[in-house]
Amino acid sequence: MIAALARTVAIAGKEVLHVRRDPRTLYLALIMPVVLLLLFGYAVSFDLDHAPLRLIDQDGSESSRLLARAFSRSTEFDLFPARDDEGLEREFRRNRTLGALIVPRDYGRDLCRGRRVRVELVLDAADAATANQILAKAEAIALSASPRPEGAITPVEVRVRTRYNPEERSAVFVVPGLAAYLLAISAVLLTALAIAGEWERGSMEQLFASSVGRLEIILGKLLPYLALGMLQLLLVLAVGATVFEVPIRGSLLLIFCAGALFLAGMLGQGLLISVLARNQLVATQAGTLSSMLPSLLLSGMVVPLDNMPRVLQWLSNVVPARYFVHALRAVLLKGAGPSLVWPDLAAMAAFAVVIVTLATLRFRRTVA
Amino acid sequence: MSRASAQLAAVVRKEVCQTLRDRRVLFLLVVAPLLQTVVFGYAVDFDIRRVPTVVVDLDRTSLSRQHVRALLADATLSRTAATTSIAEGERLLESGDAAAVLVMPSSFEADVLAQRAATVQVLLDGSDPTRANVTAGVAARYFGEVSQQLGRERVERAGLPPPGSIELAPRLRYNPRLLSPPYMVPGILAMLLIVVTTIVTAMGLSREREQGTLEQVLVTPIRPLWLLAGKMVPFFCIGLFDVLLVLTAGAWLFEVPLRGNPLVLALATVLYLLSTLGVGLLISTLSRTQQQSYLGGFLFALPAVLLSGVVTPIRSMPRWLQVLTLVNPLRYFAETTRGVLLKGASFGDLWPQLAALALFGATILALATLRFQRESGGKAA
């Protein structure tokens, strides 16, 4: 038992030497998360901001100017007055403007007479998400700009209270997801590359010829990368907390437990890929397909899972990143304890056990 | 010149043989992009629907039930649970089983009938700000319309002239059904090309360097320039093939239209591939192992994707990041493909993007070739 432990440690020590001898990989592995986090934190924002709209005011009355002011007062829109819709299509094609608000003649008069006035909004709807946001915001402005009977109370009011992230900052949402994504990338790909590389160079066979057991080799190979992954997690959390003010409301210990379980699964996956691929190019592509893509798309990190097709929703159940993202958000933002996140931990543990077992079995068979 | 073309042909033949020999690589270069297009196309839908909502109806009258039903009718909110305690609703919010709690107050019907102000409460999980925003917007809009309607009725009943109201009539150009995939597929294409050209080229060259075969070829009379060109030709062709493949799949599965001139698209693709291959070459000259090449390629690919407007609009980024997008070939390629496919944009509309692509491609290829020649020239001499 002690001898086995010593051999595992020896393999791990050898792997650490590998990483240290090649500091460029180490730098990349540590700088990458920080660069990506900063980029994600600043770049990933779905907020509608200063969307250019052409204002075609055919009425020119006091009330049409009031409506225009309601639009330009919001930070979502920048209005550019124009006489007509001449050249509008060309501006759409050149991404100069996103839409046109057309206030009809007699707008003011009809509104005063208590009629329902149609204000046209022509939109470049190629980007459906942006078009949807513009529509929602414009409808809200039109509603609030509609005249109200004097002195009357608002019959039904809506009071919205936002919990956990009341300022609605995107970074708070993105950082936990990003942590999962980065760990998935580095864990799967670094192991897959490192071990596939050994196979390419033939040094893996040499290891097998020694008296070291299979499981010892596997554990020894995985341990240094587990440590690297934990270091990355710490780095991401530290940058997230200091630069983007992501709160850490729950226990750090719980976060690192979840991180270790998640990493174990991802490392196992990288190992399995390298056993199957034995070629670095194939390993990276297989890693991209089987871990990066699902971790990005099927984890709920940026794309909501609620309205995906059933097949993909079902598939997301076997993506460990989904559980990690959920657990991270719950612990970081909501201060959830073990009683709330244990299903996530259990799912990640199950995945890790299954995948490491598979990799070990496959390891044996291919060598024998 | 004929010697040069013979050299080029020899290298191309060797590269094609090598690529075809490993069926898995071919699979990854052709089938994987197709697979990713399909998965991305179905998965990437930023439209917010079916937000899991707990309904806490403290009033339990026909009026409160009627409004809850009408609010849920457009499927943006979907009822996951109904309870009569706000605390239970908050618990579901905390566990993540719900993202919104809708509270109808206990005197809702009575207040509305008595013309007192009724207040509906919406509790949101703000950890996903976009979803929270949309949910709040939907609730505000629905009850805003209800208020407007009630206000009119009350004024009419009192015998006063009704106030006017503004109706927004949207006219949606290019994409009247507001589908996400036709906009996403061209973006996906731009991303996939980075993987199959930049990363594969960088790793391929690093692999030859690792194995020492690059030096062997360099000591032959072949000129480094032809060697490079020959190495890039097969990946260039695979890139072009992938474009056709992805666009066909997009047209077939996701109703991606082709409204503009395909020649503009072809020109943009050629220029873009020059850039991506050039970046791959540059990365390979900067790294010693395949692992470094891969990480380097990745370090280029991810920022390029994020700062291209493919995933999130460039308009929403802070100014200093918007400036960075100006040197991103992916941005210009995505704008060109989206313009040609969806809006029928012409050469006259897109020449600035095409010029930028050409400039970037030429610069990066020249830089990479220079570096490669300096590195290998020393060894070959």
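**Reading a two-chain model, step by step**

The contact between the two chains takes 103 residues from chain A and 103 residues from chain B.

Q: Which element gives the most to the side of chain A that touches chain B?
A: Helix α6 (residues 128–145) of chain A does, with 13 residues. By class, that side of chain A has 59 nonpolar, 19 polar and 25 charged residues. Keep in mind as we go that this is a predicted model.

Q: Which strands of chain A and chain B are joined by bridges, and how do they run?
A: Look at strand β4 (residues 116–124) of chain A and strand β5 (residues 165–173) of chain B: they run parallel, joined by nine bridges.

Q: Now for a strand inside chain B. Is β3(B) enclosed or open to the outside?
A: Here we count neighbours: a residue is buried if 20 or more other C-beta atoms lie within 10 Å of its own. In strand β3 (residues 100–104) of chain B, five of the five residues are buried, so the strand is largely enclosed by the rest of the structure.

Q: Which way do the residues of β3(B) point?
A: The general idea is that in a regular strand the side chains alternate between the two faces of the sheet. In this case, A100(B), L102(B) and M104(B) point one way from β3(B), while V101(B) and V103(B) point the other way. Residues of both groups are buried.

Q: Which strands pair with β3(B), and in what sense?
A: Strand β1 (residues 51–57) of chain B pairs with β3(B) in the parallel sense over five bridges. There, V54(B) stands opposite V101(B). Strand β4 (residues 118–125) of chain B pairs with β3(B) in the antiparallel sense, over four bridges. In that pairing, A100(B) stands opposite L124(B).

Q: What domains does the assignment give for chain B?
A: Domain 1 covers 2–45 + 181–380, and domain 2 covers 51–157. Notice that domain 1 is written as two stretches of the chain. The C-alpha centres of the two domains lie 50 Å apart.

Q: What comes just after α7(A)?
A: You will find G202(A) there, with a positive phi of about 85°.

Terms used:
Residues numbered from 1 in each chain as written. Chains lettered and ligands numbered in written order. Predicted model: local features only at pLDDT ≥ 70, side-chain atom pairs only at ≥ 80, totals over all residues. Buried ≥ 20, exposed ≤ 12 C-beta atoms within 10 Å, placed from the backbone. Helix = DSSP H or I, 4+ residues; strand = E, 2+ residues; numbered from the N terminus. Pairing = 2+ DSSP bridges. Domains from an automatic or database assignment. Contact = placed C-beta atoms within 7 Å. Nonpolar A, V, L, I, M, F, W, Y, C, P; charged D, E, K, R; others polar.
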